[in-house]
Amino acid sequence: MSIVILDAMKGGNNIADNIKAGLVQAGKEVRYFGLEEINILPCRCCGACGFKSPGKCVIKDDSHEVLKAIAGCDAFVMITPIRFGGYNSTLKKVVDKFMTLGLPLYIVKDGHLLHPMRYGSKLIIGVGVYDGDSKDQEDSFKQLVENNAFNMQADYRALIFKPSWDTKKMEQEISSLVKEVC
C-alpha cells in the first residue's frame with residue numbers, strides 16, 4: 001500500500017513527522033510533500049485539464065508531481081491548519097487541481113453529477129489542526145473532507161488534532177490513524 005502525505009503546515013511539525021514515521025514503520029510506501037516548500041499556482045478553472053490536455057494541468061508548476069503521486073497511491077493524508085472551517089490556502093490550491101484526477105465525463109450518483117475517477121478510488125484522510133473551541137469550525141472541516149471524498153467517490157476519515165495535546169495524546173491519535181490506514 002502506498003500513501004501520499006500532503007503537509008500544508010508551516011515549518012516542521014510533529015504531526016506530519018509522526019504520521020510519516022508510523023506509516024513507514026508499518027511497512028507502507030510513503031511519499032511526502034511539504035506543500036509550503038513547493039510551487040503550486042492557483043487553478044484558473046480553464047477546463048483545459050478536462051479537454052485540451054486530459055488529466056494534466058496546463059499550468060507549469062509543481063502540482064504535476066503531487067498529482068502523479070496521488071494517481072498512483074492507495075490513500076492520501078492531507079494535513080492542514082483549519083482556516084474558517086476549511087483547508088488553508090496552500091492545501092486548497094492542490095485540492096482545486098484534483099479535477100485532473102477525474103475523467104471529463106459525468107456519472108449520476110445520489111442525484112449529483114460527478115466525474116468518474118481516472119485512477120480508481122482512494123482513501124482520503126483529512127487531518128485538521130485546530131486549537132480553537134468552535135465546534136462549528138471542526139464540523140465544517142469534517143463536512144468539507146466528506147464532500148471532497150464524495151466528489152472523488154472515495155472512502156474518507158476526517159480527524160481534528162489539537163496542537164495543545166500533550167505528546168502522549170498526540171502519539172495515541174497518530175497510532176490509531178496508522179492502524180486504521182494499515
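Start by selecting Asp-110: with 65% relative accessibility it counts as exposed, where exposed means over 50% relative accessible area, buried under 20%, and partly exposed in between (1.4 Å probe, protein chains only). You'll find Asp-110 in the loop between β4 (107-109) and β5 (112-114); strands (E, at least two residues) and helices (H or I, at least four) are DSSP runs, numbered from the N terminus. Check the backbone while you're there: phi of Asp-110 is positive, about 50 degrees, although the residue is not a glycine.

A quick note on what's on screen: this is a predicted model, in which local features need pLDDT of at least 70, side-chain atom pairs count only at pLDDT 80 or more, and totals for chains, interfaces and linings use all residues. Residues are numbered from 1 along each chain as its sequence is written, and side-chain values use heavy atoms, with hydrogens and water left out.

Next, jump to Gln-153, in the loop between α4 and β7 (155-161). Gln-153 is another non-glycine residue with a positive phi, near 50 degrees.

Now step into helix α4 (residues 135-151) and pick Asn-148. Is Asn-148 buried or exposed? It's buried, at 16% relative accessible area. Show its side chain together with that of Tyr-87: a polar contact of 2.5 Å joins the two. (A polar contact is a pair of N or O atoms within 3.5 Å; within protein, one must be able to donate a hydrogen and the other to accept it, and residues adjacent in sequence count only if both atoms are side-chain atoms.) Leaving out residues up to four places away in sequence, Asn-148 touches Tyr-87, Val-95 and Ile-124, contact being heavy atoms within 4.5 Å.

The C-alpha atoms of Gly-128 and Tyr-87 are 7.8 Å apart, with the two residues 41 apart along the chain. Gly-128 is buried, at 0% relative accessible area. With residues up to four places away in sequence set aside, the contacts of Gly-128 are Thr-80, Ile-82, Phe-141, Leu-159, Ile-160 and Phe-161.

Last stop: select Ile-70, Ala-71, Leu-101, Met-117, Tyr-119, Gly-120, Lys-122 and Met-152, the lining of the largest cavity. That lining divides into six nonpolar residues, one polar and one charged.

Conventions. On a 1 Å grid over the protein atoms alone, a cavity is a set of points where a 1.4 Å probe fits but cannot get out, and a pocket is an open set with protein on both sides within 12 Å along at least five of seven lines; lining residues have an atom within 4 Å of a point. Ala, Val, Leu, Ile, Met, Phe, Trp, Tyr, Cys and Pro count as nonpolar, Asp, Glu, Lys and Arg as charged, and the others, Gly among them, as polar.
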